[in-house]
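Reader: I would like to go through the terms used for this model and see what each one rests on.

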Amino acid sequence: MSGEWFVRCAHCGLPHVVSEQICPITGKPVEMRRRKKTSDPRPEAGFPQANEAQVPPPQIPHQVKAESLQTASSLIGQVIEGKYLVRELVGRGGMGAIYRAENLRLAKPVAIKTLPNVPLLSEQHFARMMREARITGSLNHPNIVEIYDCGVLHGQIPFVVFELLEGQTLSSRIELDGPLPLNESLDIVEGVLSGLAAAHLRGIVHRDLKPDNIFLDQRGKKITPKILDFGIAHSPIEETLSTSTGMIWGTPFYLAPEQIRGRACDHRVDLWAMGVIFYEMVTGLRPFNGQGIDEICRHILNEPPPPLWVHCPNLPREVEAVISKALERDPSSRYASVQEMLAAVRKLRTEVEQPTQNFISQKKTQEPQSDESTLRFRR
Ligand SMILES: Nc1ncnc2c1ncn2[C@@H]1O[C@H](COP(=O)(O)OP(=O)(O)O)[C@@H](O)[C@H]1O
Ligand SMILES: [Mg+2]
């Protein structure tokens, strides 16, 4: 270990290099009180191992003038680059704020993502937004959000213009309705895997798949799942952010074991995340839980998820087989490719759609059976 300074984030518990101002997991300011040297013993045993060694400290943060931030935080009503009229805030993630806007020249609704309230924009924030724009722009698939434009606001704050999606994220849907009916879960898994297949074909691994980053777009009657947020994706056309900053990126609940261990990761981390998401859709519960990041990571590394039948006794066994294969701890035991998982999901659909199907749809009113080894997820 290089003896480089890091700060253990009070929000997510992970170590961030000292010049990181914003926790990439929670989006909250990293508190600087609890500095330690990385050469010190780890604060807690079993702590996730990021690629921390041999990492040069990031560049000096790119300071943004206070007046620019002030202007950005009151974006509503402003016209950006003479053509985008910002109307209202429609979403927030770990990094960005998403606004409904209108392209005045085309009279077309759009979504604008920017970083209006990040107190100190670093080169990393800037780079993340720009790489998200480039990676998303290189993909063209109905299950991946479409990008229209990108630019820099007031010469300082990056912004990206996307197609405006209508509906809700998968996380909101699960939060509101609880477990989803199996046929709907299969539609969503199939759509997301199709989009993912297009990304993987180009060597792009998302690495941060989670229900917050899947949007159920409902324009008209049809619901189309759309993958969002390629901000921390790995792409052959871009430098990876994680190896240049020595941090674990991603949300702990959906991290694959090899991501937690800081081992080499490939496209199979996305298949793991899809297993977690599929499980969560059909049960309304996350398969790996815990009181804090260490407990969640220990659960992922050491314990199998509670079997599906504990929560959904009537779900066909074939569903469990698909999810279990995606959730193999050893990546070489998982599906070898997204196409393979997609084929398994399609086969599953034909099996469960047989007239003799023995599953029941999971409705909001159906509380999962309690299981001591699973905590009801908290958001
Ligand atoms: N194109 C869009 N149209 C409508 N809402 C969106 C769009 N993109 C993102 N959102 C909303 O904003 C939230 C955060 O977007 P995301 O791109 O994931 O940002 P972050 O990188 O900060 O996590 C999403 O969960 C969703 O609710
Ligand atoms: Mg996001």
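Author: The model is predicted, so local features need pLDDT of at least 70 and side-chain atom pairs pLDDT 80 or more, while totals for chains, interfaces and linings use all residues. Residues are numbered from 1 along each chain as its sequence is written, and chains are lettered from A and ligands numbered from 1 in the order in which they are written.

Reader: How do you know that β4 and β5 pair?

Author: Strands are DSSP runs of E of at least two residues, helices runs of H or I of at least four, numbered from the N terminus. Pairing requires at least two DSSP bridges between two strands. β4 and β5 (residues 84-92) have two bridges, in the antiparallel sense, so they pair under that definition. Isoleucine 80 has tyrosine 84 in β5 as its bridge partner.

Reader: What makes β4 and β8 edge strands?

Author: The open sheet has six strands, in the order β4-β5-β6-β7-β9-β8, with antiparallel pairing. β4 (79-80) and β8 (147-153) each pair on one side only.

Reader: Which residues are the closest to ligand 1?

Author: A residue is near a molecule or strand if its C-beta atom, placed from the backbone, lies within 6 Å of it. Ligand 1 is surrounded by 22 residues, the closest being Gly91, Gly93, Gly96, Ala111 and Asp229. Elements giving two or more residues to this shell are β5, β7 (108-114) and β9; β5 gives the most, with three.
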